[in-house]
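The structure is shown first.

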Amino acid sequence: MIDTAALHRHALASLEAADLALARADLVVPGPYRSADVTREFIDEVIGGTMPGAQLTDFAAEEAHDGMTSRRRWRLAWNAAGRHAGLPESIFVKATPDEAYLRETLSMLHMAEHEVRFYAEVQRDVADITPRPWFGRYYPGGLFLLVTEDLEERGARPYWGKDHCSAAHARAVATALATLHARLWQSPRFERDLGWVRPRTRKFGAAWHRQSFIDARQRFLASEHAAALPQAVVETIGLWSQHSEVVYDYWDRLPATLLHGDSHLGNTYANPDGTAGLFDWQVIFRGPGLRDLGYFILSALSDADRRVQERPLFEHYCDVLETHGIRLERGKAWRDLCLLTLDSMDALMKTIVRGGYGHAASGLERSLGARVGAMADRDVAGLLRTVIAGGEL
């Protein structure tokens with residue numbers, strides 16, 4: 001009898017080795033993948049070429065910000081045909097980062113591929129909560145280039161991780177997340193055209209990713225950030241690190257949808273009418289929708305605000321799902337959200353020990369306080385022991 005699980009693990013391990021080698025190689029690919037590849041000719045082709053007679057007359061980089069990727073906003077000027085056609089006056093460009101360690105992450109987890117494919121294959125289904133794409137292409141080794149609309153041109157406000165999140169914006173984001181999740185809840189597309197949106201334990205780079213979290217937990221617990229943590233939180237992180245595979249398996253058995261995967265405050269925006277949306281779709285995977293909601297709450301709210309708002313946000317999220325015909329058993333769902341605190345804590349610990357990925361220190365400190373408070377208030381240690389003992393909540 002063929003052990004298909006073992007074969008799958010072997011295939012993923014072989015792919016990881018290839019992806020790591022490609023990320024470190026000095027690749028030359030026949031296409032645009034760097035910020036420098038955004039030229040007058042390129043913009044004329046991918047945007048101006050959509051309208052007969054349109055031609056770019058001027059363009060300039062207006063703003064630059066580097067994190068996991070290279071990011072630029074470009075100001076555009078068009079001839080009369082372009083202006084008449086309503087072509088954008090600015091665009092947002094994400095491109096391959098210069099740093100090899102960042103390309104390694106993009107390559108191993110197929111992050112660049114996933115974001116480009118999201119905009120090509122999924123965005124039209126959730127266009128009301130995402131930016132419009134103009135161009136996307138990806139290559140091996142974490143190389144890519146993505147061009148989307150500039151949200152500020154349409155009057156939207158992109159948030160930064162350090163920003164204050166109002167109760168109104170938090171509720172709007174909960175609406176957007178429920179909308180996203182409802183549209184692909186237990187979707188048969190996961191067995192067809194969206195088979196590349198994989199569960200956590202079968203993600204590309206899963207073994208590498210798992211080890212990176214183990215290393216991050218150890219480094220975090222040895223850092224000055226952990227020195228002020230309650231001992232109970234330190235012990236829970238240690239227990240979690242020993243038994244995380246049991247919990248991952250449990251999460252993979254929950255009803256699944258398409259997850260944004262990195263739904264922190266700094267990846268959200270507010271429209272002029274008060275509705276919200278999300279950008280930066282590099283970390284999408286298949287899993288329980290409450291994962292995105294919990295991740296957002298713990299990134300966006302101070303610990304004091306979390307205590308007041310988290311339960312109403314959870315109830316609102318469930319209410320919106322019900323308008324789409326999806327009913328959760330709320331007691332069980334709340335326990336699941338509480339257990340998912342561990343996942344949010346993992347993401348923050350890794351961000352901190354890897355230098356912050358460009359996030360403001362004040363936002364990271366606020367997020368740490370909310371997560372530490374949540375671990376105590378939500379009895380995360382007790383929920384963790386329940387899953388370790390019986391495999392589920």
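Two strands pair if DSSP finds at least two bridges between them. The model discussed here is predicted.

Q: Which residue stands opposite arginine 157 in S8?
A: S6 and strand S8, residues 268-270, pair in the antiparallel sense over 2 bridges. In this pairing the residue opposite arginine 157 is alanine 270.

Q: Which strands stand at the edges of the open sheet of 3 strands?
A: The sheet has the order S6-S8-S9, with antiparallel pairing. An edge strand has a single partner strand, so one side of it is left without a neighbour in the sheet. Here the edge strands are S6 (157-158) and S9 (276-278).

Q: Which helix packs on this sheet, touching S8 and S9?
A: The direction of the helix makes about 60° with that of S9. The helix spans residues 167-183 and is H6.

Q: Which strands stand at the edges of the sheet of 5 strands?
A: The order in this open sheet is S1-S2-S3-S5-S4, and the pairing is antiparallel. The twist averages 20° from one strand to the next. A strand with a single partner has one side left without a neighbour in the sheet, so the edges are S1 (56-66) and S4 (133-139).

Q: Over how many bridges do S1 and S2 pair?
A: S1 and S2 form a hairpin with 3 residues between them. Phenylalanine 59 stands opposite leucine 76 in S2, and glutamate 63 stands opposite arginine 73. The pairing of S1 with S2 (residues 70-78) is antiparallel, and the number of bridges is 9.

Q: How many of the 9 residues of S2 are buried?
A: On its other pairing, S2 meets S3 in the antiparallel sense over 6 bridges, with arginine 71 opposite lysine 94 in S3. Buried means under 20% relative accessible area. S2 is mostly covered, and the number of its residues that are buried is 7.

Q: Which helix lies across S3, S4 and S5?
A: The strands concerned are S3 (90-95), S4 and S5 (143-149). The helix, residues 111-121, runs at about 145° to S4 and is H5.

Q: Is arginine 24 buried or exposed?
A: Arginine 24 belongs to helix H1, residues 4-24. Its C-alpha atom is separated by 9.5 Å from that of serine 107, which is 83 residues apart along the chain. With a relative accessibility of 60%, arginine 24 counts as exposed.

Q: What is the relative direction of H7 and H9?
A: The axes of H7 (residues 206-221) and H9 (residues 231-253) come within 10 Å and cross at roughly 175°. That angle makes H7, relative to H9, roughly antiparallel.

Q: How many charged residues are in the contact of H7 with H9?
A: From H7, Arg210, Phe213, Ile214, Arg217 and Leu221 take part, and the residues they meet in H9 include Val234, Trp240, Glu245 and Tyr248. By class, the contact has 7 nonpolar and 2 polar residues, and the number of charged residues is 3.

How values were computed. Residues are numbered from 1 along each chain as its sequence is written. This is a predicted model: local features need pLDDT of at least 70, side-chain atom pairs count only at pLDDT 80 or more; totals for chains, interfaces and linings use all residues. Side-chain values use heavy atoms; hydrogens and water are left out. Axes are lines fitted to C-alpha atoms, for helices over the stretch in contact, and angles run from 0 to 180 degrees between N-to-C directions. Helices (H or I, at least four residues) and strands (E, at least two) are DSSP runs, numbered from the N terminus. Angles under 35 degrees count as roughly parallel, over 145 as roughly antiparallel, 65 to 115 as roughly perpendicular and the rest as oblique. Contact means heavy atoms within 4.5 Å. Ala, Val, Leu, Ile, Met, Phe, Trp, Tyr, Cys and Pro count as nonpolar, Asp, Glu, Lys and Arg as charged, and the others, Gly among them, as polar. Buried means under 20% relative accessible area, exposed over 50%, partly exposed in between (1.4 Å probe, protein chains only).
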